[in-house]
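Welcome! Take a moment to look over the model below, and then we can walk through its salt bridges, helices and surface together.

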Amino acid sequence: MTFILFALGQLAMHCERLPSLPCGRKLELHTNDAEIGGRVWKAAPLLCAWLAEAQPEIEGASICELGAGTGAVGLYAAGLGATRVLLTDGSSRLVSLLRENAAVNSWARCSSIEVQQLTWGGDAVPEGCFDWVLGSDLTYDDEARALLCHTLHRLLANAAAKGHVTRALLAEEHGTPEPTSVDGLFRDADLDAFIATAEEHGLEIQPLGAAETGVEG
């Protein structure tokens with residue numbers, strides 16, 4: 001299995017807010033400061049900027065966002081013309097927040113925006129095949145890495161069994177980078193730990209350069 005890890009450390013860290021959509025509109029997002037995932041963290045705007053550059057790949061696609069929190073990334077993909085967007089999170093309070101944000105941004109050019117509670121690590125994963133599985137700022141938690149990788153593997157394997165290619169794209173904010181880079185990735189201790197966990201679950205990391213859009217996974 002292959003998924004793509006989009007390393008925030010590869011880019012100039014200047015994108016603090018969600019970019020406007022190509023149509024000129026901006027997402028309206030409610031937040032919940034009582035939950036760690038209830039705000040927009042730094043990797044989400046950069047991932048959205050990448051999606052805007054890759055709009056031909058996103059338009060008409062089916063999207064699943066893991067650990068969606070506010071739903072910023074998935075709803076941005078909906079605004080780019082994704083056909084189906086599924087927003088998932090393990091927190092019931094964040095699932096409620098996702099429903100609020102999906103309703104507020106119902107103008108997005110998307111046939112279907114769904115919300116589902118999803119706990120990583122179980123055998124049950126969302127039904128159907130997705131073209132993209134997206135996530136931002138998901139890899140920092142020591143206890144959650146193996147659970148996340150299990151769910152990623154299940155999603156990719158289920159799609160592969162049906163002859164469908166699903167690409168997974170994760171963005172993370174780096175801690176203090178190591179002085180050297182390996183295989184195109186700026187490394188830090190958390191990223192190294194995540195890469196090791198991913199490999200244990202049969203997942204291969206492919207670094208994604210800032211200028212790449214037509215990515216094969």
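How many salt bridges does the count come to? The count comes to five salt bridges, a salt bridge being a side-chain nitrogen of Lys or Arg within 4 Å of a carboxyl oxygen of Asp or Glu. Before we go on, please note that this is a predicted model, in which local features need pLDDT of at least 70, side-chain atom pairs count only at pLDDT 80 or more, and totals for chains, interfaces and linings use all residues. Residues are numbered from 1 along each chain as its sequence is written, and side-chain values use heavy atoms, with hydrogens and water left out.

| Pair | Closest N and O atoms |
|---|---|
| Glutamate 35 and arginine 93 | 2.8 Å |
| Glutamate 114 and arginine 84 | 2.7 Å |
| Arginine 145 and aspartate 190 | 3.2 Å |

Elements below are DSSP runs numbered from the N terminus: helices (H or I) have at least four residues and strands (E) at least two. Cover is described by relative accessible area (1.4 Å probe, protein chains only): buried is under 20%, exposed is over 50%, and partly exposed is in between.

Glutamate 35 forms its salt bridge with arginine 93. Since glutamate 35 sits in the loop between strand E1 (2–7) and H1, and arginine 93 in helix H4 (residues 92–104), the pair ties together parts that are 58 residues apart in sequence. Glutamate 35 is buried at 17%, while arginine 93 is partly exposed at 46%.

Arginine 145 pairs with aspartate 190. The former lies in helix H5 and the latter in helix H6, so this pair ties together parts 45 residues apart in sequence. Arginine 145 is buried at 6%, and aspartate 190 is partly exposed at 36%. Asp142 joins Arg145 and Asp190 in a network of salt bridges.

What about helix H6 itself? In H6, Leu191, Phe194, Ile195, Thr197 and Ala198 are buried. They lie on the same side of H6, because they cover an arc of only 165° around the axis, taken from the directions from the helix axis to the C-beta atoms. The face of H6 turned away from this buried side carries the exposed residues Ala189, Glu199 and Glu200. Just after H6, glycine 202 takes a positive phi of about 75°.

Helix H1 (residues 43–53) is mostly covered, with eight of its eleven residues buried; among them are Leu46, Cys48 and Trp50.
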